[in-house]
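Student: I would like to go through a structure feature by feature. Please give the general idea each time, and then the case at hand.

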Amino acid sequence: MKKDFLDKQKKKLTAERNELVDSLLGRNDQFEKLGGATESGDDVDIASDTIDRTLLNSLGEADQFRLKLIDSALDRIVQGTYGTCLECGEQIAEARLEAIPYAPFCVNCQAKYERNR
């Protein structure tokens, strides 16, 4: 891969990583606020807080998974293997990496992975 493309992807991945970390830290603050809210209030308030907590938790898990993918992609840039499919070893199309810079698989292997899940 060309150095300018790798530099551009590294900047994009780093920016997305920083946004995710900030988002996860913000959710942590929201969890703390919700923690005190269940002590008082009627049944509707408690149910609403429980739903909020569940939603925040699921969003946090998805972001944590994406953060791992981003960290892995940044490691592959350092190792010189960025853009190589982890499954088949073929090059991942630059258009795919533009759209999903942390993509670990080429389109064909990603489709196989999703079918098997």
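Student: Is Glu 16 buried or exposed?

Tutor: One reads this from the relative accessible area, and buried means under 20%. The model is a predicted one. In it, Glu 16 has a relative accessible area of 18%, so this residue is buried.

Student: Where is Glu 16 placed, and which residues is Glu 16 in contact with, leaving aside neighbours within four places in sequence?

Tutor: Glu 16 belongs to helix α1. With neighbours within four places in sequence left aside, Glu 16 is in contact with Arg 66, Ile 70, Pro 101 and Tyr 102.

Student: What does the secondary structure of the protein chain come to?

Tutor: There are four helices and zero strands in the protein chain. Along the sequence this reads α-α-α-α.

Student: How do I read burial and contacts for the protein chain as a whole?

Tutor: For burial, take the share of buried residues: 27% of the 117 residues in the protein chain. For contacts, take pairs at least 6 apart in sequence; 59% of these join residues at least 24 apart. The accessible surface of the protein chain is about 7,900 Å², and carbon and sulfur atoms account for 52% of that surface.

Student: Which residues of the largest nonpolar core touch the most other members?

Tutor: That core has 18 residues, and Leu 13, Ile 70, Tyr 82, Cys 85 and Leu 97 are the ones that touch the most other members. Two or more residues of this core come from each of α1 (3-37) and α2 (43-79). The largest share, five residues, is given by α2.

Student: Cys 85 is on that list. What is Cys 85 in contact with, leaving aside its neighbours within four places in sequence?

Tutor: Cys 85 is in contact with Glu 90, Ile 92, Pro 104, Phe 105, Cys 106 and Cys 109, with those neighbours left aside.

Student: How many disulfides does a search of the whole structure find?

Tutor: A disulfide is a covalent bond between the sulfur atoms of two cysteines. The search of the whole structure finds zero.

Student: Where is Ala 103 found, and does Ala 103 count as buried or exposed?

Tutor: Ala 103 lies in the loop between α3 (94-99) and α4 (107-116). Its relative accessibility is 3%, so Ala 103 counts as buried. Not counting residues up to four places away in sequence, Ala 103 touches Arg 76, Ile 92, Arg 96 and Leu 97.

Student: Which residues lie closest to the centre of the largest pocket?

Tutor: This pocket holds about 300 Å³ of space. Among the 13 residues that line the largest pocket, Phe 65, Leu 69, Pro 104, Gln 110 and Tyr 113 are the closest to its centre. At least two lining residues are supplied by each of α2 and α4.

Note on methods
Residues numbered from 1 in each chain as written. Predicted model: local features only at pLDDT ≥ 70, side-chain atom pairs only at ≥ 80, totals over all residues. Heavy atoms only, no water. Buried < 20%, exposed > 50% of the residue type's maximum accessible area, 1.4 Å probe, protein only. Contact = heavy atoms within 4.5 Å. Areas by Shrake-Rupley, 256 points an atom, 1.4 Å probe, with all protein chains shown as cover. Core = buried A, V, L, I, M, F, W, Y, C linked by side-chain atoms within 4.5 Å. Disulfide = S-S within 2.5 Å. 1 Å grid on protein atoms, 1.4 Å probe; cavity = no way out; pocket = protein on both sides within 12 Å on 5 of 7 lines; lining within 4 Å. Points joined across faces, edges and corners; volume = space filled by probe spheres on them.
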